[in-house]
Amino acid sequence: METGRAPVARTEATPAALSSSDARLRRRKAVDKAARWVIAAIASTAIAAVALIFVFLLREALPIFTSSTVHEEVTLGKMLFAQEWRTGEPPYHAWQPVSKVPKYSLLPLLVGTFKVAIIALLFAVPVSVLGAVFTSELAPRRVREFIKPAVELLAGIPSVVLGFFVLMVLATQVQDIFGFQYRLNAIVAGIGLGLTIIPVIFTLSEDALTAVPPSYREAAFALGASRTRTAWSVILPAASPGIFAAIVLGFGRAMGETMIVLMASGNAAILSWDPTLPVRTVPATIAAEMGEVVVGGPHWTVLFVLGVLLLGLTIAFNGLSGWYVRRLRAKLGGSA
Amino acid sequence: MRRTATLLLAALVALGACSRDRQQPAGQGETNRRASTLTIKGSDTLVMLAQRLAEAFMHKNPGLTVQVTGGGSGTGIAALINGTTEIATASRPMKESEKAQVQARRERPAVEHAVALDGIAIYVHESNPVPHLTLDQIKRIYEGRIKDWSEVGGPAGRITLYSRENNSGTYAYFKEEVMDDEDFDPRAQTLPGTSAVVNAIAKDPRGIGFGGIAFGSGIRTVPVKKDEQAEAVAPSLETVTNGTYPISRKLFMYTAGEPTGIVAQFLEFALSPEGQALAEKAGYYPLRPTAP
C-alpha cells in the first residue's frame, strides 16, 4: 500500500515534502489504529461467545424467579432444601422430575458431581503428577520425547470412546475384582474421568516443573543432592502452586465432562457419598433430559438453572487455577 | 482447543437463536410449505417404524417426500406445538398440558392416531430362575420395597434395578401403568435405551429391567401375572394383540387438527394391512381391529 509512495519519502526535505510525510504519518497511524481494532475485535470473539452463552443460559433460567407457571412446580427453595414430598414422612432430597409431584432437588446431583470428580482426582493426580516429575526431572531425553506426546495423545481420544471402553470392559473388570453390587458406579465413572484429566494435569504440571529456574537445580546439585532428592525436595515444592493450579483445572474439567459419566455411572440420583453406588451428575442430567422436555416448561427451566450452576462452578475453578498460576509466576519472578 | 470449542458453542447458540425465531411464525406460515413434503418427528421408539412406513409410502407415491427424525416423544410433541412438524410420533399419550399448548399455538386440537401396539417386557439375567412376577411385585421391586430376589421366588441376592431415562416414553408408560405413578427407588439406574438395559442385565445376574420386547443373548423375559390369581403370560405377538399380556401400550401419531392431504394419505397407509405388516416387521404388533 505504501510502496507506491515510498520514493517520495527519499526526496529532500523541502517544506512540501515535510507536510506530505506528516500526512502519511497520520494516515499510517490511522491504519494502525484500525488494524488494532480489527484484531482486538477478532480476539474478543471468544470472550463475547462466553458472555453470549452466559446471557443465553441466564435468559432461559430466569423464569425460575419470575414465572408463575414454573413456580407451580418448582422454586429455587424447593431445589435447595429437603421437602416433605410424602405427607407423614420426614423431608428428603429427590430428583424425580417426571412424576405426579415433580421433584427437583439439587443436592443429589451436586453430591454426585463432586463425588465423581473427586474420585477422578484421586486416580489422576498421583499418576499425572508423579509422571510429570519423572518426565521433566529424571527421565533421559529420549524417554521424555516419547512419554510427553504419548500422554498428550490420551487427550485426543474422544470421550465417548473412553466411555464405551469403561462401560463395556472396565466396569466388568472392576466388579469382578471388588465384587460391587452395582457394576456401574461412581468409582468406575471416576476412573474413566480420570483418564480424560490425566493429560490436562500432566501437561500443566510438567510445564510448571520445567519453569522452575535452573539456578534452583544447580544450587541443589552443588549441595550434593541427588537427582531424585532435587526433584522431590526442591523442584516439586517450588512448582507446587503450578501443580495445584493444574489439579484445580483438572477438577473443573472433570465436573463438566459429560459423556463418560452419562455412559458409565448408572445415572441414579442417590444422595450418598458411598463411591460404590451409581451416581448422577449435573452435566449427565442435562444431556440425558434436555432432548425431551417441554420447551419453556418448569423442567426446561430447571435444566438451564443446572447449566448456569455448572458454568459458574467451572469458571470459578478455572479462575482459581489462573490466579494460582499468576501467583506462581510472581513468586518465581521475584526470587529467581 | 478450548477456544475452538467456545467458538463452536457460540455458533450453536447462534443457530439455536435463529431456529427459535423461525419457529415462531411457523404456525401461520405452514400453508406455504409444499404440499408434497411431510415431516414426521418424535419418539425414538417409533423412528424405525416411521422410517419403514415412509420408504414404502414414497415408493408407492413417487413425487411425495416424507422426512423422518427422532429425538423423543417430547421433542416431537414440542415440534408439533411449534408447527415445525406435521406428524408427531409418541410412545405415550399426549399430556393435557401439551394438548392445550397445541390448541393455543396451532388453533386446532391435537388429534390422536394409534398406529401400532408395543409390549413392555420384564428382563432378568438368563441364570435367574424366578418363574413369574405379578404386576404388584414388579411395582414394589421398583419402589425399592422388595429388595431381595428371595422375596419373589428367586435365589437370595440383592436386586439391582435398571430403568430408563425419565424422558423416554417407555419410562413414562411403565411409571404410569406399572408403578401407579409412584416414584422409582432412587437407586434405579437409568440407561439410555432398551439395548443398554438388555446389555446391562446380561452382565448382571441380580439385575431386573424393562423395555420393548427384544431378544438379546444373556437375558430372559419373565412371564407376568396381572394379579395373584391370574395366569402368568409371556409377551408375544399373540398375547399382546389379544390383550392378555398385561403390560402393552399403543404407539401414537399426533396431528394438529384432522389430517388432510398428504398427512391423511400417510396415516391411512400406516393403518392399512400393508402398513400394519410393516409395523410387525419393525418389531411391534398390529392393532387388533386391522390385524390381518
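Colleague: Which residue in E10(B) is the bridge partner of B:Thr134?

Modeller: The bridge partner of B:Thr134 in E10(B) is B:Lys225. Please note that this is a predicted model: local features need pLDDT of at least 70, side-chain atom pairs count only at pLDDT 80 or more, and totals for chains, interfaces and linings use all residues. Residues are numbered from 1 along each chain as its sequence is written, while chains are lettered from A and ligands numbered from 1 in the order in which they are written.

Colleague: What makes E5(B) and E10(B) a pair?

Modeller: Two strands pair if DSSP finds at least two bridges between them.

Colleague: How do you know what counts as a strand or a helix in chain B?

Modeller: Both are DSSP runs numbered from the N terminus: helices (H or I) have at least four residues and strands (E) at least two. By that rule chain B has 11 helices and 12 strands.

Colleague: With which strands does E3(B) pair, and in which sense?

Modeller: Strand E1 (residues 37–42) of chain B runs parallel to E3(B), joined by three bridges. E3(B) also pairs with strand E12 (residues 248–256) of chain B in the antiparallel sense, again over three bridges. B:Lys41 stands opposite B:Ala88, and B:Ala90 faces B:Phe252.

Colleague: Which way do the residues of E3(B) point, and are they buried or exposed?

Modeller: From strand E3 (residues 87–90), B:Ile87 and B:Thr89 point one way, B:Ala88 and B:Ala90 the other, and all are buried. In a regular strand, side chains alternate between the two faces of the sheet. A residue is buried if 20 or more other C-beta atoms lie within 10 Å of its own, exposed if 12 or fewer, and partly exposed in between, with C-beta atoms placed from the backbone. Of the 292 residues of chain B, 45% count as buried.

Colleague: Why does B:Glu107 count as exposed?

Modeller: B:Glu107 has 11 C-beta neighbours inside 10 Å and therefore counts as exposed. B:Glu107 is placed in the loop between helix H5 (96–106) and strand E4 (110–125) of chain B. Its phi is near 60 degrees, a positive value in a residue other than glycine.

Colleague: What makes B:Asp180 exposed?

Modeller: B:Asp180 has 12 other C-beta atoms within 10 Å, so the label is exposed. B:Asp180 is in the loop between helix H7 (169–177) and strand E7 (189–191) of chain B, and its phi is near 50 degrees, also positive.

Colleague: How many residues does each chain give to the contact?

Modeller: Chain A gives 32 residues and chain B gives 30. H3(A) gives the most to the side of chain A that touches chain B, with seven residues. Residues are in contact if their C-beta atoms, placed from the backbone, lie within 7 Å.

Methods:
Contact = placed C-beta atoms within 7 Å.
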